[in-house]
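Reader: I would like to learn how to read the strands and helices of a model such as this one. Could you take me through it feature by feature?

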Amino acid sequence: MFFNTAAKEVLKENGKIAGVAGQRKDGSKVTVHAKSVIIASGGYLGNKELLLKYLGTTHVNVAARGKSLCTGDGLAIAQKAGTILDKTFGYCGCEYGGTNPKTSRPATQDKYDQNLAFKFGIYGNLLVDNQGKRFMNEGLLCDYPMSYGEEPTLRHSPYYAIVDQEYVDEMRDEGLYEYLTKRVANHDN
């Protein structure tokens, strides 16, 4: 493990991955030889040029945590090594934060009951932009939140969810997981 060290290049020999070259904070070089390399460097929310290139805007209404650290450096060195970027610009929609303690199954570590306030406005509802126009197929947000669903919400933020009173009442009284399971969803789909 190298702390305060930035990966600078994926090394290749005879067309095959051979390791990583990096640079420590003090400027000294580091080389790690390996048969494979996994790049887990985050995205590019802290890089206005890449935001404009990939999302068409530099105004992205997301939490600032980690944003300044995600500058797209990992994407750049991966591309330089010959990888191809796919169109799966995922963004986790804050699904794992608070909870409603009045629900029938208050969250501890149960992934289904985490952060009902955020799921309330995302899943199972019509989403509209600030002009009141739908901008996506909301079903895809439910089925493929990271690979499809989050890019449109980034492009059209701020956005708003249209809900009815029944939905509001059920979120308050029993929580999203129980409500949707009872109506449509189940563990098999």
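Author: Let us start with a turn: in the hairpin of β1 and β2, which has two residues between the strands, Asn14 takes a positive phi near 55 degrees. Helices (H or I, at least four residues) and strands (E, at least two) are DSSP runs, numbered from the N terminus. This is a predicted model, in which local features need pLDDT of at least 70 and side-chain atom pairs count only at pLDDT 80 or more, while totals for chains, interfaces and linings use all residues. Residues are numbered from 1 along each chain as its sequence is written, and side-chain values use heavy atoms, with hydrogens and water left out.

Reader: How many bridges join β1 to β2, and how many join β2 to β3?

Author: Two strands pair if DSSP finds at least two bridges between them. Here β1 (residues 5-13) and β2 (residues 16-24) run antiparallel and are joined by eight bridges, with Ala21 in β2 as the bridge partner of Glu9. Five bridges join β2 to β3, also an antiparallel pair, and Val20 has Val32 in β3 as its bridge partner.

Reader: Why is one side of β1 and of β3 left without a neighbour in the sheet?

Author: The three strands form an open antiparallel sheet in the order β1-β2-β3. β1 and β3 (29-33) stand at its edges with a single partner strand each, so one side of each has no neighbour in the sheet.

Reader: Which residues of helix α2 are buried?

Author: Buried means under 20% relative accessible area, with a 1.4 Å probe and protein chains only. In α2 (residues 73-80), Gly74, Ile77 and Ala78 are buried.

Definitions and conventions: Buried means under 20% relative accessible area, exposed over 50%, partly exposed in between (1.4 Å probe, protein chains only).
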